[in-house]
Amino acid sequence: MSKDAIATMHAKDMRRENVRAKVGRTLYMVMVYAFLLVMAAIVLFPFYWMLISSVKTLEEYRMSVPTFWPRTIMLSNYVTAFTTANLGRLFLNTMYVGVVSTILSLVITVLTAFAFARLEFKGKELLFAALLATMMIPGELFTITNFSTVTTLGWRNTYTVLIVPFLVSVFYIYLLRQNFLQIPNELYLAAKVDGTSDLKYLWKVMIPLSLPTLISITILKMMGAWNSYIWPRLVANDDAHRMITNGLRNAFTETTGDVNYPVQMAAVALVSAPLFLVFVFLRKYIMSGVSRSGIKG
């Protein structure tokens with residue numbers, strides 16, 4: 001065979017290989033996106049069901065064959081949910097506890113993380129290891145002792161009992177400490193030579209450089225306060241201090257024992273909306289703050 005014929009055959013083989021590779025990549029991407037679409041549908045379906053149920057009538061909700069789109073859209077369910085559950089008061093209680101506990105927790109977390117990252121004192125590594133070890137203990141194990149303690153102190157049915165027991169988070173301290181360790185120690189030594197105090201260095205240098213992580217901690221702390229259920233139900237379930245998750249529990253149960261589920265779904269949608277908006281608009285801060293904190297140990 002001539003060189004031209006061999007070159008032509010080689011070119012055809014290359015084209016076939018390229019076509020096969022392109023078809024393979026296309027099939028792979030189709031399978032990946034199909035899998036992601038199925039998973040997304042599974043995750044989003046409960047939210048879709050919550051939304052359509054919130055605008056149904058009670059009779060339609062109780063039908064033996066469920067409808068996937070409401071026959072009659074009852075937007076009045078949202079007004080009924082807001083007034084029946086006294087959501088205004090519940091929102092205020094939850095916001096107050098969330099904001100105060102977040103601010104105090106940030107102060108404690110920043111000071112503790114700075115001490116473990118920059119200060120030198122005897123037993124620092126051992127103490128930090130002991131703190132990390134407490135993360136392996138389920139939080140539910142502390143419920144009984146914490147309940148006994150706050151009862152002895154007379155804190156039940158107060159805002160104090162909702163704020164103080166959860167001011168310290170070892171996970172947040174670890175997260176911020178790892179971020180502080182990424183800041184060059186030469187900056188700290190230079191600041192000490194210039195006579196800068198530790199608190200001034202912390203405020204002027206370390207906090208601005210660690211702002212993404214601090215924003216992440218703030219968001220996660222607020223979300224934790226918003227979703228808290230078991231502890232508030234145990235220690236502060238009166239009308240004056242009830243949190244929003246507990247307020248939805250029995251607010252829509254009628255005297256006959258029946259539950260107005262469409263109105264309850266409307267209330268759940270109203271309560272879920274702030275968290276949904278936080279995730280949509282601030283998710284990049286959460287991801288960047290966490291990703292910046294796990295490099296150096």
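## The largest pocket

The largest pocket in this predicted model holds about 910 Å³ of space. A pocket here is an open set of points on a 1 Å grid over the protein atoms alone, where a 1.4 Å probe fits, with protein on both sides within 12 Å along at least five of seven lines. Its volume is the space filled by probe spheres set on those points. Lining residues have an atom within 4 Å of a point. There are 28 of them in the largest pocket, and Gly 139, Phe 142, Pro 165, Phe 166 and Val 168 sit closest to its centre.

Which helix gives the most to this lining? That's helix 11, with four residues. Helices are DSSP runs (H or I, at least four residues), numbered from the N terminus. Sorted by class, the lining has 18 nonpolar, eight polar and two charged residues. For the classes, Ala, Val, Leu, Ile, Met, Phe, Trp, Tyr, Cys and Pro count as nonpolar, Asp, Glu, Lys and Arg as charged, and the others, Gly among them, as polar.

## The second largest pocket

Next comes a pocket of about 390 Å³. Helix 1 (3-53) and helix 14 (261-291) are the elements that give two or more residues to its lining, and helix 14 gives the most, with six. Among the lining residues are Phe 47, Met 50, Phe 276 and Phe 279.

## Helices 9 and 10

Now for some packing. Helix 9 (residues 185-193) and helix 10 (residues 198-209) have axes 10 Å apart and pack at an angle of about 150 degrees, so helix 9 is roughly antiparallel to helix 10 (the label for angles over 145 degrees). Axes are lines fitted to C-alpha atoms over the stretch in contact, and angles run from 0 to 180 degrees between N-to-C directions.

Where they touch (heavy atoms within 4.5 Å), Leu 187, Tyr 188, Ala 191 and Lys 192 of helix 9 meet Asp 198, Tyr 201, Val 205 and Leu 209 of helix 10. That contact has six nonpolar, no polar and two charged residues.

## Helices 4 and 8

Helix 4 and helix 8 cross at roughly 50 degrees, and their axes come within 8 Å. That makes helix 4 oblique to helix 8. Helix 4 brings residues including Phe 114 and Arg 118, while helix 8 brings residues including Tyr 172 and Arg 177.

## Reading the numbers

Residues are numbered from 1 along each chain as its sequence is written. Local features need pLDDT of at least 70 and side-chain atom pairs count only at pLDDT 80 or more, while totals for chains, interfaces and linings use all residues, and side-chain values use heavy atoms, leaving out hydrogens and water.

Key. Parallel < 35°, antiparallel > 145°, perpendicular 65-115°, else oblique.
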